[in-house]
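Please keep the sequence and the coordinates at hand while reading.

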Amino acid sequence: MGRKLTIAIIALSVIGLIYMAGCDDDDEDFITNPDDNGHQIVMPLAAGLEWHGTIYYIDSNLDTTDMASSIINIDTIEVVANDTVHHLDIDVTLDSSVLPEYLYNSDSGLVGYIEEGVDLMLGPYTVAEYPVVQGEVFESYLGFRTQAVSTRHPVEVPAGSFITVYYRSIHPGFSSGQSDISQIDRYFDPTHGLVRADIWGRDQTLSNRLLYIWSLDTLIVDTGLVK
């Protein structure tokens, strides 16, 4: 009974069959660097930002078996280990596999902390080096090793068409049972932030496959709705 996932959602990052030359003409740089310190960012961070998305649950035939709305929003700004960080209130349908609960932009890229129990923070960890050169590899969080697959990867989601920085994170301990998640593909548009995340891991048969996709529907800022 599963519905086939939209061709653009599967093909653009899983198979890579479709190439788009650029973003929609209507896309504008509506967010300036909220840190205002001159360095380039791969994801805007400011209190009040909300990423409204949809989770597509995928079966072994690449059919969509279920869908769920999911919101990531920045609700507070805090200080952790002398770093000023933005707390992400992540919908319960997602977890820190998609993004850490605390993020900030540094000179080297997007950095995060993970909340582990009461009053215990793990980090800081690199989420996405930026600016980055295609093919660059770095150690990431949760034991993942991350590569910048492309700095201009076309992605189409309900929020629009984007040319993204595409990072692939692979967990080296997946085959030995150290992780349930084998791979995470993240697609960032520097003015919108995360626009898509593909989560790979074990299914009921312990086989490695695409489990679900988080895809951006709209980004909401304090001044109104931006599509």
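## Aromatic pairs

Tyr166 is buried, with a relative accessible area of 4%, where buried means under 20% relative accessible area, exposed means over 50%, and partly exposed is the range in between (1.4 Å probe, protein chains only). The model is a predicted one, in which local features need pLDDT of at least 70 and side-chain atom pairs count only at pLDDT 80 or more, while totals for chains, interfaces and linings use all residues. Residues are numbered from 1 along each chain as its sequence is written, and side-chain values use heavy atoms, with hydrogens and water left out.

A pair of aromatic rings is described by the distance of the centres and the angle of the planes. Rings of Phe, Tyr and Trp (its six-membered ring) pair if their centres lie within 6.5 Å, and planes under 30 degrees apart count as stacked, over 60 as edge-to-face and the rest as tilted; by this rule there are six aromatic pairs. The rings of Tyr166 and Tyr187 form a stacked pair, because their centres are 4.5 Å apart and their planes stand at 15°. This pair links distant parts of the chain, with Tyr166 in strand 10 (residues 160-170) and Tyr187 in strand 11 (residues 181-189), 21 residues apart; strands (E, at least two residues) and helices (H or I, at least four) are DSSP runs numbered from the N terminus. Tyr187 is buried, with a relative accessible area of 0%. Ring pairs also link Phe138, Tyr167 and Phe188 into a cluster.

## Salt bridges and a charge over a ring

Side chains of opposite charge can pair when their charged atoms come close. A salt bridge is taken here as a side-chain nitrogen of Lys or Arg within 4 Å of a carboxyl oxygen of Asp or Glu, and the count by this rule is four. One of them joins Arg168 and Asp185, whose closest N and O atoms are 2.8 Å apart. Of the two partners, Arg168 is partly exposed at 26% relative accessibility, whereas Asp185 is buried at 0%.

Arg202 forms a salt bridge with Asp180, with 3.7 Å between the closest N and O atoms. Arg202 lies in strand 12 (residues 193-202) and Asp180 in the loop between strand 10 and strand 11, so the pair ties together parts that are 22 residues apart in sequence. Asp180 counts as exposed, at 55% relative accessibility. Arg202 also lies over the face of Phe174, at 4.4 Å from the ring centre; a charge sits over a ring if NZ of Lys or CZ of Arg is within 6 Å of the ring centre and within 35 degrees of the ring normal. A further salt bridge, between the side chains of Arg145 and Glu139, has an N to O distance of 2.2 Å, and Arg145 is partly exposed at 46% relative accessibility.

His87 is placed in strand 4 (residues 83-90) and is buried, with a relative accessible area of 15%. Its side chain is joined to that of Asp75 by a polar contact of 2.8 Å, a polar contact being a pair of N or O atoms within 3.5 Å, where within protein one must be able to donate a hydrogen and the other to accept it, and residues adjacent in sequence count only if both atoms are side-chain atoms. Leaving aside neighbours within four places in sequence, His87 has contacts (heavy atoms within 4.5 Å) that include Asn73, Thr76, Glu101 and Tyr102.

Ser96, in the loop between strand 4 and strand 5 (102-106), is buried with a relative accessible area of 17%, and it touches Glu101, Ile114, Tyr141 and Leu142, not counting residues up to four places away in sequence. Pro190 lies in the loop between strand 11 and strand 12 and is partly exposed at 23% relative accessibility.

## The chain as a whole

The protein chain has one helix and 14 strands, and buried residues make up 52% of its 227 residues. Among the contacts in the protein chain with a separation of 6 or more, 46% are between residues 24 or more positions apart.
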